[in-house]
Amino acid sequence: MKISKEKTKLKKEKIRLRDRLSAWFFLLPSFAGVIIFFVAPFFVVIYYSTIDNIINRESVGMANFKAVLANSAFRDAAKNTLTFSCMAVPLAIILSLLMALALEANIPMKSRFRTFFLSPLMVPTASVLLIWQVLFDHHGVVNEWMKFFGKNPVDWLKSPYSQLVVLLLFLWKNLGYNMILFMAALAAIPRDVLEVSVLDGASGFKQFFKIKLKFITPTIFFVGIMSLINSFKVFREVYLLAGDYPYGKLYMLQHFMNNTFRSLDYQKLSSAAIIMAVFMVVIIGILYLVEDRIGKDVEDI
Amino acid sequence: MIVKMKKAVALLTCVTVMCGLTACGGKKKDEGKVSNTTMLAETDAKDVTFAMGDEAITGYSGDIAGISVVGDKIYFSTNDWLEGEPVLLDEGVLSSSSSDAYADDQSVATDGNASEEVSEEGEYDISYDVITRVYSAPLSGGKAEEILSATDLSDDNIEYSVDKIFADKDGNVYLMLSGWGKDTDYENVQSKTIKVKSDGTYEDYDTSFLMQGKNPDDFWISNILFDDAGNMIVLYQDELKVFKDGKEKGSFKPEGEYPATEGLTLSRDGKVLVAYQAESDSGSYLKISEFDTESCKIGDTYSAAASYFPNQNSLMTGSGDYDFYYEINAGIIGYNISEKKTVKVFDFIASGIDSDQISFKYMVSPEKFIAVTYDESDYTQKFMFFNKVDPSSIEDKTTLTLATLWSDDSTKQSVINFNKENSKYRIVIKDYSEEDDPMAKMSADIAAGSIPDIYIVDNGIGNLSIQQCVAKGMFEDLTPYFEKDPDVNTNDILPNVLEALKVDGKIYFTADNFTAFTMMCKKMDPEIDGWNFAEFREFVESKGDDVKAFEDNTQNGLLDAFLYNVIDDYIDWSAGKAYFDGEEFKNLLEFCGKGEPGELNWEDYDETEFMSSLKNGKLLFMSVMLTPQDLQMYKAVFGGEVSLPGFPCADRNGKAISLQNCMAISSKCADKEGAWEFVKQQMTREYQGKNYVWAWGMPTRSDIFDLYMKVYTTSEEYVDEFGNEIYPRMGSMGFNDLEIETHPLTAEEEEIFRHYIETANEAKWYDDNIAEIVREEAQSYFKGDKSLDEVCTIINGRVTTYINENK
């Protein structure tokens with residue numbers, strides 16, 4: 001009896017080992033991919049940030065971080081990126097939430113509006129930019145309208161309004177996707193809670209702030225984080241619109257990184273990338289903490 | 001059961017994924033396999049070293065005119081010049097010694113039945129009879145067998161010379177002859193082909209079928225091959241055609257707006273190979289394709305490690321491990337089709353052979369090639385063997401890499417000489433001109449850690465400007481090397497050049513010659529020796545509205561002229577500041593804005609009007625590269641004395657010089673002393689002394705610069721201390737239709753020139769990124785879209801960002 005128990009135990013362990021091995025076997029390609037394409041480059045970036053340049057490769061400790069933080073090009077780029085994100089993220093959340101609420105209501109042509117708002121996602125960036133150029137060129141459509149109304153034309157992409165042009169593009173491109181996420185979150189709110197609130201005489205305004213907002217908080221944070229990341233990636237649009245060295249307000253952190261990569265200043269690029277990553281981690285960490293605190297009451301329901 | 005199903009699903013998934021992978025790189029069958037083998041593996045210099053061996057072919061006479069290799073035989077034709085009796089001329093007037101003679105103002109030698117030479121004194125005329133000979137010889141070497149010896153190819157009216165020679169497998173040789181009209185000042189009037197049979201008899205060969213569908217004035221034949229099936233494969237400059245029995249069987253034309261063929265040969269196993277230009281996003285490159293003479297379609301295709309071939313014989317039949325060979329600027333490459341392997345089998349530099357000294361190369365085996373060399377001692381051409389040198393017999397030397405975007409002849413010669421003379425170091429050239437995108441590739445190599453020991457600095461390195469290179473610590477500071485070297489010293493360098501060589505007070509590169517640029521105008525009163533833009537503008541505007549500053553008086557033309565020469569003046573790299581929003585630049589841009597809109601239409605350029613405008617003061621300036629005798633020519637162009645005020649700039653020092661052949665040592669060079677041994681040679685008295693007569697610019701050493709000036713001031717012939725034969729610079733110089741007689745510089749001219757050179761101490765470095773920003777933004781001002789202040793502020797902001805990024 002004892003022998004058979006031990007045999008069974010051994011057999012079970014064998015099976016467990018085989019399962020574990022086969023699991024590792026299937027995990028291996030993904031694991032190797034993550035190591036090669038994410039973990040290793042991360043350490044390479046850390047290494048580059050601590051050397052003087054790629055020619056000499058002598059360790060300089062934290063000197064590159066100091067130099068980058070003191071570099072006025074980097075500071076301008078960081079300031080512009082931060083300004084853009086501060087405008088873009090709240091607007092992306094608020095406008096898409098309003099759109100989702102509007103579509104949640106019983107309005108005519110609801111599905112057509114949904115399709116309409118989602119369509120920018122399907123349009124390639126390069127073609128969108130052509131339209132933007134036609135609209136916001138010094139001799140573009142917008143300036144023609146302005147002239148019609150007796151206003152002076154503005155070189156939108158080389159003026160203090162340049163970030164607004166890109167902001168408009170950013171919102172146009174991203175609102176649809178955010179809206180879908182909010183619509184899904186709103187649909188997931190328990191109907192009985194909303195019905196009870198109606199019976200209790202809560203106004204639509206009160207219902208939104210006291211119930212809906214709390215239920216969709218995780219989505220708001222998710223949308224916020226995604227919008228923040230996307231706002232940092234707006235470089236692609238700006239690069240295609242205005243090139244390597246755009247008007248001051250449009251010079252973003254990724255311009256700094258892209259240009260320093262081309263000029264083989266990998267130490268600056270890596271330091272800037274790490275500073276940016278740390279900043280992002282801190283922001284996202286704070287957002288998670290806030291979400292954790294606010295979302296607590298919803299979890300209790 | 002479930003487990004089995006899971007396994008089956010897993011297996012199916014695996015197979016599906018693998019199928020997906022196999023789909024990568026798939027192709028349509030009729031496209032042929034394209035192997036992308038342009039990457040040339042690094043080879044040890046010892047493995048690609050050849051040395052000249054025995055004379056390959058003997059027993060022939062005359063100058064080699066054409067060569068064709070078929071199988072294991074080499075066919076060639078020669079022009080054998082037989083000197084006739086000298087004929088006395090009457091008072092220097094040419095009289096023909098024969099009915100075939102013609103006159104010219106210099107000695108003339110042409111192929112054909114007869115030609116003549118005008119004696120220097122004009123007293124005698126020597127005639128030559130030309131015998132056209134055709135030989136065959138084994139490729140393995142030996143005595144040449146004469147097939148044809150003809151003196152009667154030409155007739156009374158047309159003189160024929162051998163243009164090309166081809167041979168078929170039966171030993172018949174085809175001579176393509178160009179005919180030159182004796183009564184039409186030797187214009188090319190007619191061509192014909194003769195077929196020379198192996199018994200030495202010959203007959204006219206009708207090649208009209210080769211010209212069908214071709215514009216007679218706009219086509220040429222590069223090569224002709226004959227295969228075993230009796231096909232005649234003809235390579236035109238833009239396509240390949242196959243003929244059988246005089247009828248076209250098929251053709252192949254490379255794609256593209258300007259199709260271009262590059263070579264034709266048979267592979268080791270007898271397949272027809274054609275080389276041609278192909279286009280990619282990054283530019284043109286070379287493809288070599290198999291060509292099926294039956295279906296007349298291309299088959300498998302291979303990419304060559306070159307963007308062009310140096311000559312028409314560059315594609316060669318393979319031997320040993322290689323299916324075919326091809327020549328590139330640096331040497332000869334072997335290609336193995338089955339292994340898709342590209343290997344350099346011969347290197348000019350490693351072998352110490354100047355590629356200009358050998359005119360024909362053919363690989364007999366991977367260890368031997370036959371070439372035609374020119375023997376300067378007896379002025380004869382010879383077929384010589386070059387044999388691979390046993391690597392173990394080659395002296396071990398430290399190899400140093402010299403990276404360049406383009407290796408010119410003087411660099412190659414310097415390397416060959418250094419390698420021959422130096423027992424400790426060997427320089428290997430890494431020539432990026434063979435790459436699709438040389439600048440990007442060079443930058444990528446540096447980023448990847450493949451850092452050369454020595455750089456040729458050409459307005460920077462790769463995508464990096466000089467300032468960026470210095471800021472990154474790419475260059476070794478050469479100041480201490482100059483200080484301790486007994487052969488070269490900074491005191492030897494012209495003070496203005498020394499000043500221009502310095503970046504932040506240090507010398508990072510050497511330069512063996514330099515050129516000077518200036519604005520030139522009619523004599524100014526009072527004389528101006530440097531000015532700022534406000535002064536320049538005042539000067540121009542004081543001359544009236546109908547006066548132009550430059551010939552290209554367009555807005556962009558004016559802007560480019562100033563940008564190219566003084567752009568650096570608006571930038572302070574060390575402080576990270578730009579001054580494009582200052583009054584100086586605003587003045588410049590405003591001045592350019594007054595120019596004509598659009599581009600200069602060169603079709604409207606009127607040479608006569610241009611010259612008269614300069615003389616009558618309606619056109620004020622020319623932007624010129626200055627050499628001593630140019631002063632004399634420009635005096636004639638301007639119709640009087642001239643002034644050299646320099647380009648207008650804030651510090652009134654707009655006299656720019658451009659340093660040439662700049663070399664820098666990498667700060668990561670493992671053997672900096674060795675690299676210095678090579679780099680310093682171009683700064684030595686010996687080197688510059690031997691080269692100053694023929695160099696592009698002026699020598700950078702003070703003592704050699706004095707010798708250089710002496711060349712232009714002497715009125716007597718002499719041999720200088722370096723053995724250069726110096727002749728007084730008396731002759732003629734031309735500018736457009738104007739031709740002037742030059743004379744040795746007067747003391748005043750010498751003084752003007754020396755003064756200009758001595759005070760020109762700004763090196764001209766051009767940053768394209770900055771120029772592009774300025775050009776782009778300036779358009780808004782030129783079009784009237786924005787105010788001057790707005791544009792200058794935007795330019796300054798963008799350029800400041802660029803500068804600060806690079807701080």
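1. In chain A of this predicted model, 67% of the contacts with a separation of 6 or more are made by residues 24 or more positions apart, where a contact means heavy atoms within 4.5 Å. For chain B the corresponding share is 61%.

2. The secondary structure of chain A consists of 14 helices and zero strands, whereas chain B comes to 18 helices and 46 strands. Both kinds of element are DSSP runs numbered from the N terminus, with helices being H or I over at least four residues and strands being E over at least two.

3. Chain A has a radius of gyration of 26 Å, while a compact globule of 301 residues would have one near 19 Å; the radius is taken over C-alpha atoms, and the globule rule is 2.2 Å times the number of residues to the power 0.38. Taken along the principal axes, the C-alpha atoms of chain A fill a box of roughly 100 × 75 × 35 Å.

4. Of the 301 residues of chain A, 39% count as buried, and of the 807 residues of chain B, 53% do; buried means under 20% relative accessible area, exposed over 50%, and partly exposed in between, with a 1.4 Å probe and protein chains only. The accessible surface of chain A is about 17900 Å², with 70% belonging to carbon and sulfur atoms, while chain B exposes about 37200 Å², of which carbon and sulfur atoms supply 47%. These areas come from the Shrake-Rupley method with a 1.4 Å probe, and for residues only the protein chains shown count as cover.

5. Over all chains there are 64 aromatic pairs, a pair being two rings of Phe, Tyr or Trp (its six-membered ring) with centres within 6.5 Å, counted as stacked if the planes are under 30 degrees apart, edge-to-face if over 60 and tilted for the rest. One of them joins B:Trp573 and B:Tyr802 edge-to-face, at 6.1 Å centre to centre and 70 degrees between the planes. These residues are 229 apart, with B:Trp573 in the loop between β35 (571-572) and β36 (577-578) and B:Tyr802 in helix α18 (residues 788-805). B:Trp573 counts as buried because its relative accessibility is 17%, and B:Tyr802 is buried at 1%.

6. As for conventions, residues are numbered from 1 along each chain as its sequence is written, and chains are lettered from A and ligands numbered from 1 in the order in which they are written. Local features need pLDDT of at least 70 and side-chain atom pairs count only at pLDDT 80 or more, although totals for chains, interfaces and linings use all residues, and side-chain values use heavy atoms, leaving out hydrogens and water.
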